[in-house]
Amino acid sequence: MRVTIFGATGLLGQALMREWRHDEVTGLGSGDADIRSPEQVRTVIARHRPDWIVLAAAYTDVDGCESHRDLAFAVNCDGAVNVVREAVRKKSRVIFISTDYVFDGKHDRPYEIDDAMAPQSVYGDSKAAAEKQIRDIYPDCCILRTSWVFGIGGKCFPDTILKLASTRQEIEIVNDQRGCPTYTVDLARTIQQLCRKGAVGTVHATNRGDCTWFDFGSELVKASGLDALVRPTTSDRFVRPARRPEYSVLSSASLRQYGIVMPSWEDATQRYIAEREDKKAPRNQVG
Ligand SMILES: NC(=O)c1ccc[n+]([C@@H]2O[C@H](COP(=O)([O-])OP(=O)(O)OC[C@H]3O[C@@H](n4cnc5c(N)ncnc54)[C@H](OP(=O)(O)O)[C@@H]3O)[C@@H](O)[C@H]2O)c1
């Protein structure tokens with residue numbers, strides 16, 4: 001199988017490049033092809049002729065999107081549509097990575113794949129608009145929504161928390177937003193399995209279980225053996241430009257249909273910390 005990953009230099013993309021086995025995989029960053037340019041997209045797809053495209057490229061600065069609406073839509077919606085149009089022309093299958101932020105966060109039960117989208121932020125709006133257009137152009141496209149992505153190789157919540165917890169005695173973390181953390185390693189493996197199984201339509205994929213940011217931060221600090229005290233607080237004390245959904249737990253029912261059950265977020269947290277430690281450990285010199 002030939003696979004092309006758009007967004008290969010990002011947090012998820014790097015894990016996809018590390019974890020993907022037994023196939024011919026090409027990874028592209030924005031320097032290889034800017035998805036806003038139909039010509040650049042056409043050129044790379046013609047060159048690599050992929051069986052599957054993983055479309056993980058996006059403008060992911062959720063607060064930045066609020067003040068750069070045109071850029072958010074140009075990359076997240078028009079850029080994604082450019083890739084899907086070209087994929088349809090060249091008969092490549094596509095898995096498009098979307099987000100829990102397409103939902104309004106007002107539920108008190110996990111969001112199912114066919115629940116109505118009602119984004120509360122420009123970022124969520126741009127991804128929801130992409131989803132709608134992609135379904136029109138290519139109804140069998142696999143649209144994978146995930147949430148609270150973390151891993152090695154870029155900025156993410158655990159990295160920030162662990163850096164803070166190693167320099168402060170006390171940290172405060174919001175306890176009024178609930179969702180599902182998702183480790184890039186587990187998500188990359190799931191994406192690979194979904195491609196092999198020929199996934200079509202919308203799928204929700206996150207680590208198993210749900211928590212608040214406070215729960216997640218507490219687990220991180222405990223698992224890494226730091227002494228910092230973690231205190232719960234509320235989002236109104238950390239006002240940010242983009243509104244976040246209060247509750248964005250994604251139901252795993254659609255993933256179970258493919259026989260896939262992802263590890264729990266607590267288990268993923270332990271492995272993330274081990275991977276961080278492993279990266280930090282000095283390597284033996286050869287020779
Ligand atoms: N992070 C989360 O918590 C989260 C949650 C839910 C869903 N998602 C979705 O998961 C996917 C991966 O997210 P991530 O956290 O891995 O993102 P990320 O670390 O911000 O990486 C973004 C990737 O997109 C590429 N990119 C940006 N603008 C581009 C353009 N105009 N043309 C081509 N490539 C461009 C970047 O390339 P360069 O680095 O080379 O510029 C980079 O490889 C995205 O679709 C995102 O919306 C993320």
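This is a predicted model: local features need pLDDT of at least 70, side-chain atom pairs count only at pLDDT 80 or more; totals for chains, interfaces and linings use all residues.

Me: How many residues does α7 have, and how far does it reach?

Reply: Helix α7 covers residues 184-196, which is 13 residues. From first C-alpha to last it reaches 18 Å, close to the 18 Å expected at 1.5 Å a residue.

Me: How many of the α7 residues are buried?

Reply: 10 of the 13 are buried, so α7 is largely enclosed by the rest of the structure. Among the buried ones are Val185, Leu187, Ala188, Ile191 and Leu194.

Me: Switching to the ligand. How many residues surround it, and which are the closest?

Reply: There are 25 residues around the ligand, and the closest are Thr9, Leu12, Ser30, Thr60 and Tyr123.

Me: What's the split into nonpolar, polar and charged in that shell?

Reply: The shell has 13 nonpolar residues, 9 polar and 3 charged.

Me: Which backbone atoms lie by the ligand's oxygens?

Reply: Gly7 has a polar backbone atom 3.2 Å from an oxygen atom of the ligand. For Ala58, a backbone N or O atom lies 3.2 Å from a ligand oxygen. With Leu11, the distance from a backbone N or O atom to an oxygen of the ligand is 2.8 Å.

Me: And how much of the ligand does the protein bury?

Reply: The protein buries 80% of the 910 Å² that the ligand exposes when taken alone.

Me: Which elements give two or more residues to the shell?

Reply: Those are α1 (11-19), β4 (93-99) and α5 (122-137). The largest share, 3 residues, comes from β4.

Me: OK, on to α10. What span should it have, and what does it have?

Reply: Helix α10 runs over residues 265-280, and its 16 residues should span 22 Å at 1.5 Å a residue. The end C-alpha atoms are 22 Å apart, which agrees.

Me: Which of its residues are buried?

Reply: Trp265, Ala268, Thr269, Tyr272, Ile273, Glu275 and Arg276 are buried in α10. Looking down the helix axis, the buried residues fall within an arc of 160 degrees, so they line one face of α10.

Me: Why would residues spaced like that point the same way?

Reply: An α-helix has 3.6 residues a turn, so residues three or four places apart point the same way.

Me: What about Ser264, where does that one lie?

Reply: Ser264 is in the loop between α9 (253-256) and α10. Its relative accessibility is 17%, and since buried means under 20%, Ser264 counts as buried. The Ser264 side chain reaches the backbone nitrogen of Asp267 at 3.1 Å.

Me: There's another serine, Ser251. Buried or exposed?

Reply: Buried, at 10% relative accessibility. Ser251 is in the loop between β12 (229-233) and α9.

Me: What does the side chain of Ser251 reach?

Reply: A polar contact of 3.0 Å joins the side chains of Ser251 and Glu112. The Ser251 side chain also reaches the backbone nitrogen of Ala253, at 3.2 Å.

Me: Back to backbone angles. What's the phi of His22, and what's the phi of Trp148?

Reply: His22 has a positive phi of about 65 degrees although it is not a glycine. Trp148, also a residue other than glycine, has a positive phi near 45 degrees.

Me: Where are those two found?

Reply: His22 is found in the loop between α1 and β2 (24-28), while Trp148 lies in the loop between β5 (142-146) and β6 (149-150).

Me: And are they buried or exposed?

Reply: His22 is exposed, with a relative accessible area of 77%. Trp148, on the other hand, counts as buried at 9%.

Me: Last topic, Val25. Where is it found, and how far is it from Ile53?

Reply: Val25 is found in strand β2, and it counts as partly exposed at 25% relative accessibility. Val25 and Ile53 are 28 residues apart in sequence, with 9.8 Å between their C-alpha atoms.

Me: What about Pro119 and Ala199?

Reply: Those are 80 residues apart along the chain, and their C-alpha atoms are separated by 25 Å. Pro119 lies in the loop between β4 and α5 and is partly exposed, with a relative accessible area of 22%.

Definitions and conventions
Residues are numbered from 1 along each chain as its sequence is written. Side-chain values use heavy atoms; hydrogens and water are left out. A residue is near a molecule or strand if one of its heavy atoms lies within 4 Å of it. A polar contact is a pair of N or O atoms within 3.5 Å; within protein, one must be able to donate a hydrogen and the other to accept it, and residues adjacent in sequence count only if both atoms are side-chain atoms. Accessible areas come from the Shrake-Rupley method with a 1.4 Å probe; for residues, only the protein chains shown count as cover. Helices (H or I, at least four residues) and strands (E, at least two) are DSSP runs, numbered from the N terminus. Ala, Val, Leu, Ile, Met, Phe, Trp, Tyr, Cys and Pro count as nonpolar, Asp, Glu, Lys and Arg as charged, and the others, Gly among them, as polar. The expected span of a helix is 1.5 Å times one less than its number of residues. Buried means under 20% relative accessible area, exposed over 50%, partly exposed in between (1.4 Å probe, protein chains only). The arc is that of the directions from the helix axis to the C-beta atoms.
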